[in-house]
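Here's a quick briefing on how this chain packs together. Have a look at the model first, then dig into the notes below.

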Amino acid sequence: PKYERLLLTGAAGMLGQVLRPAMRTWATHLRVSDIEPLGPAVGNEECVTCDLADEGAVRVLMDGVDGVVHMGGISVDKPWRTIVGPNIEGVYNLYESARIQGTKRIVFASSNHAIGFRKRTERIDADDPVRPDSLYGVSKVFGEAMSRFYFDRYGIESVCLRIGSSLPEPKDRRMLVTYLSFDDLITLVQRSLFAEKADHTIVFGASANRDSWWDNSKAANLGWTPKDNTEPFRAKKEAEPPVDSTKPEHIHQGGVYVTFGPYE
Ligand code: NAI
């Protein structure tokens, strides 16, 4: 596909700021959006402040958009009432607007927390049943289901990125497995937008790390190969004090998320 107008949601967030300059070169127009300040429009950008939970505002946001990179929303575990607007209503508003607008493809930022209650001894692929580790993880499973439905029913293609840990560098031992470098994130999003055929694809967003828990063979259609890995960080992380490997947060892939809640 070629894009006339790409939309990046969550453009003021950490990953949005990483993707924004690259995405300017991928379409005639780049619309960037967030509920937080976006700074001045650069080059071919259009800046639109929008609350994803506001159906009418999302309808306007999606006007003329043929492809979306959806990074916007609550990005950590929170009480349900905080999550439901951006991550549940927001995802519905986005997909329903895509249907009305005729948007071709959406790249949805899902999360490893959709499967975080998997044990670290398991190796899984995109077809293994989900095991959300938190209300946040449940919201990402919802997004994966919404995108599946809009593909089966209306043919809108989606690539769901189960992002591991995309940060400047891995913060702990777990992230030696889950880390996704910013460079690999950019190529993953690029392949997700431009692969000839996406249908509905779920892909684990991690660099080529040793000891990975995730098999991406079912996302071969994307033609994505990560270039980085966490070996340069290993010695430093492994020199840190050992963790108690009998604790739930060290047994499960989702880490500390398996311990969050209850909130009420
Ligand atoms: P972030 O929290 O820095 O960015 C999210 C952005 O969404 C923020 O700028 C925020 O203002 C915006 N947002 C929140 N509520 C909104 C609303 N109601 N309307 C419009 N915008 C709203 O998070 P980050 O790290 O950039 O993550 C981007 C996406 O990737 C998120 O969907 C997150 O869940 C997902 N993800 C990120 C991972 C990571 O390691 N960075 C790991 C797994 C998933």
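**Core packing and a few neighbours**

Setting aside neighbours within four places in sequence, Ala98 is in contact with Met62, Val68, Thr103, Ile106, Tyr150 and Ile156 (contact means that C-beta atoms, placed from the backbone, lie within 7 Å). Keep in mind that this is a predicted model: local features need pLDDT of at least 70, side-chain atom pairs count only at pLDDT 80 or more, and totals for chains, interfaces and linings use all residues. Residues are numbered from 1 along each chain as its sequence is written.

**The core**
- Ala98 is also among the residues with the most contacts inside the largest nonpolar core, which has 60 residues (a core is a set of buried Ala, Val, Leu, Ile, Met, Phe, Trp, Tyr and Cys residues joined through C-beta atoms within 7 Å).
- Helix H3 (residues 80–101) gives this core its largest share, six residues (helices are DSSP runs of H or I, at least four residues, and strands are runs of E, at least two, numbered from the N terminus).

**Helix H6**
- H6 (residues 182–194) has 13 residues and reaches 18 Å from first C-alpha to last, close to the 18 Å expected (1.5 Å times one less than its number of residues).
- Its buried residues are Asp184, Leu185, Leu188, Val189, Ser192 and Leu193 (buried means 20 or more other C-beta atoms within 10 Å, exposed 12 or fewer, partly exposed in between, with C-beta atoms placed from the backbone).
- Their cover includes helix H1 (14–23) and strand S8 (200–205).

**His200**
- His200 lies in strand S8 and is partly exposed, because it has 18 other C-beta atoms within 10 Å.
- His200 and Gln190 are ten residues apart in sequence and 16 Å apart in space, C-alpha to C-alpha.

Definitions and conventions:
Two residues are in contact if their C-beta atoms, placed from the backbone, lie within 7 Å.
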